[in-house]
Amino acid sequence: MSNARKYTQVILPPYDGRFAKEIRQWEGCPTIAITTGGRIYAGWYTGGIREPHIDNYNLLKYSDDCGKTWSEPILIIPGSREKLIQALDIQLWVAPDGRLFVFWVQNDVEKAGPGKVGYYCDGYLFTDEAHAQWMIVCDNPDSDTPTFSEPRCIGKGFLRCKPLCTKSERWLCFNYSQDSNNYEYSISDDCGKTFKRHIGAQKIPTPFDETMAYQKNDGSIRMLARSLIGELAECTSEDDGETWSKAVPSGIDNPNTRFFISRTPLGNVLLVNNDHKFSRTNMTVYLSEDDGKTWKYKRCIDTYPNISYPDVDFYNGIIYLVYDKNRIPNGKIMFTSFTEDDIKNPDYIFELNCIN
């Protein structure tokens, strides 16, 4: 077993100077989740001089006023120079029972040396393509003093999108592996107590799957993934995630970057995506009223050239969105909120705010 699957640490405040906001040289890859009481949690990863870096770490903070103001980080999840572990890519999700799940990834790192080949940064090699998927759970996320479970490694993989809870209450967690030619994922049939690894369809080539899915009205599951062909790949399961059809191009332009897709509380399908084949620009929100067959409503909310990694959650009729802008230097974590009617209104102006 890799060291990254055996060792982790979660640090609570106060923090030492290596986690100070003033010295962060890059920030990106945000995630968002909203509790049953309306508290907004946001997390992202930062640290070191860039990504990947041995000093990368994840942070978590929250807002109790709809995103107007934010707490200081309530926890930090770092890697370890001593243990040769990189920590990266926090992912938040509020389960149907109201618990807040905090997932993140850890990778084994090697010290650079003669004859060693791989991605090199600041004296270390980053070659781990299997990954280790960790999580902690908060049972009281609306509390003045939220508490978290002990960290648990749930196995192999890299989860960068929210899990899907199907109509049968099965959880599909698309924690992929870069060392596989197939889409890999994990299933939990006991609300996160255990996870069983599964292998899906053969990939349309991509270095980062970052698959995400929604359940259609007929009960089938549509899974979308990044690809190198200038559009998202897709495949379908007719048996609650047990088996999948062959992956095919979806017809949705995407420059091989993370996207978000989900059914909304009103029953429509929301997609947030860089609407471009080759460049991380044109952050666009799409709304489908026919189960994702067509996207009748489509609004570009940001045309900046270096924007990516949208994540969304829903609360009380409002759609809350985060994404990153210009990760290095001085990366910004952008935040906005809107309704489905706002997407349909061509005159609506989206208010974009930086929350870091």
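Predicted model: local features only at pLDDT ≥ 70, side-chain atom pairs only at ≥ 80, totals over all residues.

Biologist: Start with the prolines. What kind of peptide bond joins Pro13 and Pro14?

Modeller: Pro13 and Pro14 are joined by a cis peptide bond, with omega about 5°.

Biologist: And where is Pro14?

Modeller: Pro14 lies in the segment before β1, the strand that covers 27–34.

Biologist: What about the bond from Ile328 to Pro329?

Modeller: The bond from Ile328 to Pro329 is cis, and its omega is near -5°. Pro329 sits in the loop between β25 (318–325) and β26 (332–338).

Biologist: New topic, phi. What is the phi of Glu210?

Modeller: Glu210 has phi near 45°, which is positive, and the residue is not a glycine. Look for Glu210 in the loop between β15 (196–202) and β16 (212–215).

Biologist: Is Glu210 buried or exposed?

Modeller: Buried. The relative accessibility of Glu210 is 2%, and buried means under 20%.

Biologist: Now Asn282. What is its phi, and where is the residue?

Modeller: Phi of Asn282 is near 55°, again a positive value in a residue other than glycine. Asn282 belongs to the loop between β21 (269–274) and β22 (283–288).

Biologist: Why does Asn282 count as partly exposed?

Modeller: Because its relative accessibility is 22%. Partly exposed is the range between the buried cut-off, under 20%, and the exposed cut-off, over 50%.

Definitions and conventions:
Residues numbered from 1 in each chain as written. Heavy atoms only, no water. Helix = DSSP H or I, 4+ residues; strand = E, 2+ residues; numbered from the N terminus. Buried < 20%, exposed > 50% of the residue type's maximum accessible area, 1.4 Å probe, protein only.
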